[in-house]
Amino acid sequence: MSWTVLGAFLALNFAAASAGALFKPGAWYERLAKPGWTPPDWAFPLVWSVLFILNALAGALVWQASVPGSAMAIGVYGVSLAINFAWSALFFGIKRMDLALIDVIGLWVSIAVTMALFWPISPLASLFQAPYLLWVTIAAALNLRVMQMNRREISA
């Protein structure tokens, strides 16, 4: 694998991850009621870092394969990174849990489609995204449950 290609995909992924630094949870999030199964605060940056590294490896593998279908697969992959960035802006930035829920469902679909498109090109790249899909499934459930527990906080 080319270090340049991997570096470019790491940069893309950590650009998407930068939303977490731009839109921090803060006092508003701390005040929200959360279910008992909410992961501890320290888990989020750790898990997301691992997921973005795996996602970068997946993208680099598909990019380097350069076979028919890889351009479409990389396009959907890029869309999923943009959707991922938007979630923090929606949830923490403008405090719209309802819009963030729609966003995270779109993220889940985009990851699933990316995995399906990656599979014929590189099964390993597709498998690298499985933990990402699992975590986003948990994030979507958490987003929904926090929204249900804090109805008064949902903006119209």
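A charge is said to sit over a ring when NZ of Lys or CZ of Arg is within 6 Å of the ring centre and within 35 degrees of the ring normal. In the structure before you, Lys34 meets this description: it lies over the face of Tyr29, at 4.5 Å from the ring centre.

Let me state the basis of these values. This is a predicted model, in which local features need pLDDT of at least 70 and side-chain atom pairs count only at pLDDT 80 or more, while totals for chains, interfaces and linings use all residues. Residues are numbered from 1 along each chain as its sequence is written, and side-chain values use heavy atoms, with hydrogens and water left out.

I turn to the aromatic rings. Rings of Phe, Tyr and Trp (its six-membered ring) pair if their centres lie within 6.5 Å; planes under 30 degrees apart are stacked, over 60 edge-to-face, and the rest tilted. The count by this rule is 15 aromatic pairs. One of them joins Trp48 and Tyr132 edge-to-face, at 6.0 Å centre to centre and with 80° between the planes. Trp48 belongs to helix α4 (residues 43-65) and Tyr132 to helix α8 (residues 130-149), so the pair ties together parts that are 84 residues apart in sequence. Helices here are DSSP runs (H or I, at least four residues), numbered from the N terminus. Both Trp48 and Tyr132 are buried, that is, under 20% relative accessible area with a 1.4 Å probe, protein chains only; exposed is over 50%, and partly exposed lies in between. Tyr29 returns in a cluster that ring pairs build from Trp28, Tyr29, Trp87, Phe91 and Phe92.

How do α4 and α8 pack? Their angle is about 140°, and their axes are 9 Å apart. That makes α4 oblique to α8; angles under 35 degrees count as roughly parallel, over 145 as roughly antiparallel, 65 to 115 as roughly perpendicular, and the rest as oblique. Axes are lines fitted to C-alpha atoms over the stretch in contact, and angles run from 0 to 180 degrees between N-to-C directions. From α4, the contact residues include Phe44, Val47 and Trp48; from α8, they include Pro131, Tyr132 and Trp135. Contact means heavy atoms within 4.5 Å.

Two further residues deserve mention. Ser80, in helix α5 (residues 70-93), counts as buried at 1% relative accessibility. Beyond residues up to four places away in sequence, Ser80 touches Leu107, Ser110 and Tyr132. Asn150 is in the segment after α8 and counts as buried at 0%. Leaving aside neighbours within four places in sequence, Asn150 contacts Leu32, Ala33 and Met97.

How values were computed:
Helices (H or I, at least four residues) and strands (E, at least two) are DSSP runs, numbered from the N terminus.
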